[in-house]
Amino acid sequence: MNRSGWAAWLRMLTGLGILVVLVWHLGSDAFLNGLRRIDAATLLAALGIGLLTTVCSAWRWCLVARGLGLRLSLRRAVADYYRALFLNAALPGGVWGDVHRAIGHGRSAGDLGRGVRAVVLERTAGQLALFVVGAAVLLARPSPVLAPVTRFLTSPGVALPAAVVGVLVIATSCRLRRRRGASRGERALRTVLSEARQGLLARGVWPGVALSSVAVLAGYLAMFVLAARVAGVTAPTAELVPLVVLALLAMALPLNVGGWGPREGVAAWAFGAAGLGAAQGLTTAVIYGVLALAASLPGAAVLLARWAPGLRTERPQFELEERVLAEQGAPQRRT
């Protein structure tokens, strides 16, 4: 196994280790209570919220793909996105579904590289929306939980490097725009920046990307608040939102097992610091994870519906996905 493969397995084991530590300190009841509290009405609500977020995410993908000059219908985008969500939740690594939809769309559109970059830009837009809206919520809603977070983010050791990186990115972008001749690396970076402008910042693209990203984030927040209510948390929604934002931000860390790990750890810490109980936070995160998996189950139906016709082409696509994941440092599947 190469170095990137070891790094990927280390990230997964870190997420698993977080869960083990939580069980050790809080007991297994926090997990089991979350499973016991989920009923049919809760699952139906999760499916409804999942439908909203998936359609909006697929719409965002369509906008980005069309901005890059690729054809993608909303109907196919919704089906592929559902399948990707299910694979991300069901398989270790959390990226198999996105790799699958990127390769599938790129091959069908006749431009594999651009298809992969469209998915990367679409996911990047979602993460940027989470960071921007999350920062606004955390700054606008005072909470004792946020004090250490604010001190950390505004500390010179964090704020100064972030500012330097921002200045370097802007300076590099301006320099590349002025230069005609450039090295291979500079040309690649120029291509990435150009496609980012086309796929995210073009006049006919960015309003829809921003609107869909906010709608998706609102769906995630609603799902987490629903999980908190099912867990028995009675605190006002305004008090829960900053805690939920922290848990969602933790999900962006590449240290999870199918989304599990940092989310549960941060939720337990945040709920405990807010006086709501660390066990309640862990139970809420567990319920959220189960509801998110349930919301992705239509993707299993899409996968089964396409399985039989795709048996003949599965092996070539499998090998292509292995190469893409190897470049990204994700662990490879075993045949």
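Tyr288 lies in helix H13 (residues 278-295). The model is predicted, so local features need pLDDT of at least 70, side-chain atom pairs count only at pLDDT 80 or more, and totals for chains, interfaces and linings use all residues. Residues are numbered from 1 along each chain as its sequence is written, and side-chain values use heavy atoms, with hydrogens and water left out.

Tyr288 is buried, at a relative accessible area of 4%. Buried means under 20% relative accessible area, exposed over 50%, and partly exposed in between (1.4 Å probe, protein chains only). Contact means heavy atoms within 4.5 Å. Residues up to four places away in sequence aside, Tyr288 touches Tyr220, Met223, Phe224, Ala227, Leu248, Met251 and Arg263. Tyr288 and Leu226 stand 62 residues apart in sequence. Their C-alpha atoms are 8.1 Å apart in space.

The protein chain holds 15 helices and zero strands. Both are DSSP runs, numbered from the N terminus: helices are H or I with at least four residues, strands E with at least two. Of the 335 residues in the protein chain, 41% are buried. Among contacts with a separation of 6 or more, 71% join residues 24 or more positions apart.

The 18 residues of H13 should span 26 Å at 1.5 Å a residue, and the end C-alpha atoms are 26 Å apart, which agrees. The expected span of a helix is 1.5 Å times one less than its number of residues. Buried positions in H13 are Gly281, Leu282, Thr283, Thr284, Ala285, Val286, Ile287, Tyr288, Gly289, Leu291, Ala294 and Ala295. Thr283 has a relative accessible area of 4%. Leaving out residues up to four places away in sequence, Thr283 touches Ala30, Asn33, Gly34 and Ala231.

Two packed helices are described by the angle between their axes and the distance between the axes. Axes are lines fitted to C-alpha atoms, for helices over the stretch in contact, and angles run from 0 to 180 degrees between N-to-C directions. Angles under 35 degrees count as roughly parallel, over 145 as roughly antiparallel, 65 to 115 as roughly perpendicular and the rest as oblique. A crossing is left-handed if the near helix is turned anticlockwise from the far one by less than a right angle, and right-handed if clockwise.

Helix H2 (residues 29-37) packs on H13 at an angle of about 50 degrees, with the axes 8 Å apart. H2 and H13 are therefore oblique to each other. Their crossing is right-handed. From H2, Ala30, Phe31, Asn33, Gly34 and Leu35 take part. They meet Ala279, Leu282, Thr283, Val286, Ile287 and Val290 in H13. This contact divides into eight nonpolar, three polar and no charged residues. Here Ala, Val, Leu, Ile, Met, Phe, Trp, Tyr, Cys and Pro count as nonpolar, Asp, Glu, Lys and Arg as charged, and the others, Gly among them, as polar.

Met223 is found in helix H10. Met223 counts as buried, at 7% relative accessibility. Its neighbours within four places in sequence aside, Met223 is in contact with Ala46, Ile49, Gly50, Tyr288, Leu291 and Ala295. Met223 and Gly289 are 66 residues apart in sequence and 9.7 Å apart in space, C-alpha to C-alpha.

Helix H3 (residues 40-67) has 28 residues. From first C-alpha to last, H3 reaches 40 Å, close to the 40 Å expected at 1.5 Å a residue. After H3 comes Gly69, with a positive phi near 85 degrees. The axes of H3 and H10 (residues 206-230) come within 9 Å and cross at roughly 160 degrees. H3 is therefore roughly antiparallel to H10. The H3–H10 contact comprises 16 nonpolar, eight polar and one charged residue. The crossing of H3 and H10 is left-handed.

The axes of helix H4 (residues 74-90) and helix H14 (residues 298-307) come within 7 Å and cross at roughly 110 degrees. This makes H4 roughly perpendicular to H14. H4 contributes Ala79, Asp80, Tyr82, Arg83, Phe86 and Leu87 to the contact. H14 contributes Pro298, Gly299, Ala300, Val302, Leu303 and Arg306. By class, the residues are eight nonpolar, one polar and three charged.

Ala102 is in helix H5 (residues 96-109). Ala102 counts as buried, at 5% relative accessibility. Residues up to four places away in sequence aside, Ala102 touches Gly115, Val116 and Val119. The C-alpha atoms of Ala102 and Gly115 are separated by 5.5 Å, with the two residues 13 apart along the chain.
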